[in-house]
Amino acid sequence: MANKLMEEIRALSVEQLLERNEAKKAELFALKFQAAVGSLEQTHRIKEIKKEIARIQLVIAEKAKAGEEVNKTVKANYSQAVVEAEKVGKEVRAKQRKMIEELQAQYEGAGNDDAIAEAMANAVVEEQNDVNEGETK
């Protein structure tokens, strides 16, 4: 997969590489923002994006060494990346909130206080039976 990605990256022009590099940097910024607020579900994406940025920079360096002009300015839209990160973060937090509410409803609806007391009583009885069996042997 990495070889295919590198072939794809090497086929891009310098301008496309610079644009893609800035877009990936903005995406990395957004992912770090999500991680900071605790709404990042796919933590592996940070590592993947860092590797892709490194690959892009490698190809840019290769093109510069080959004599191509790489000193062009490309601006990434970080504000858009933050807006997207916040949107995704809200969805993740809503999903987490819903899951917590469902777990609470299950806990409260199952009469778990009685079930816990019963399980503890059964454990005491079983432990006593084990002790009694050990004494008879």
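1. The model discussed here is a predicted one.

2. The buried residues in question are Leu5, Met6 and Ile9, in helix α1, which runs over residues 2-10. They lie on the same side of α1, because the arc they cover around the axis is only 100 degrees. An α-helix has 3.6 residues a turn, so residues three or four places apart point the same way. Asn3, Lys4 and Glu7 are exposed, and they sit on the face of α1 turned away from its buried side.

3. Leu5, Met6 and Ile9 also belong to the largest nonpolar core, which has 11 residues in all. At least two residues of the core come from each of α1, α2 and α3. Another core, of six residues, lies apart from this one; Leu28, Leu31, Leu40 and Ile53 are among its residues. In soluble globular proteins, nonpolar side chains tend to be buried together.

4. Glutamate 22 deserves a separate point. This residue lies in helix α2. Is glutamate 22 buried or exposed? Its relative accessible area is 17%, and the cut-off for buried is under 20%, so glutamate 22 counts as buried. Not counting residues up to four places away in sequence, glutamate 22 touches Val74, Ala76 and Tyr78.

5. The largest pocket holds about 280 Å³ of space. Its lining consists of 17 residues, and those nearest the centre of the pocket are Glu27, Ala30, Leu31, Gln34 and Val88. Of these, Leu31 is also one of the residues of the six-residue core.

6. Which helix gives the most to the lining of the largest pocket? The helix is α2, with six residues. Both α2 and α4 (78-109) supply at least two residues each to this lining. By type, the lining of the largest pocket has nine nonpolar, four polar and four charged residues.

Key
Residues are numbered from 1 along each chain as its sequence is written. This is a predicted model: local features need pLDDT of at least 70, side-chain atom pairs count only at pLDDT 80 or more; totals for chains, interfaces and linings use all residues. Side-chain values use heavy atoms; hydrogens and water are left out. Buried means under 20% relative accessible area, exposed over 50%, partly exposed in between (1.4 Å probe, protein chains only). Helices (H or I, at least four residues) and strands (E, at least two) are DSSP runs, numbered from the N terminus. The arc is that of the directions from the helix axis to the C-beta atoms. On a 1 Å grid over the protein atoms alone, a cavity is a set of points where a 1.4 Å probe fits but cannot get out, and a pocket is an open set with protein on both sides within 12 Å along at least five of seven lines; lining residues have an atom within 4 Å of a point. Grid points are joined across faces, edges and corners, and a volume is the space filled by probe spheres set on the points. Ala, Val, Leu, Ile, Met, Phe, Trp, Tyr, Cys and Pro count as nonpolar, Asp, Glu, Lys and Arg as charged, and the others, Gly among them, as polar. A nonpolar core is a set of buried Ala, Val, Leu, Ile, Met, Phe, Trp, Tyr and Cys residues joined through side-chain atoms within 4.5 Å. Contact means heavy atoms within 4.5 Å.
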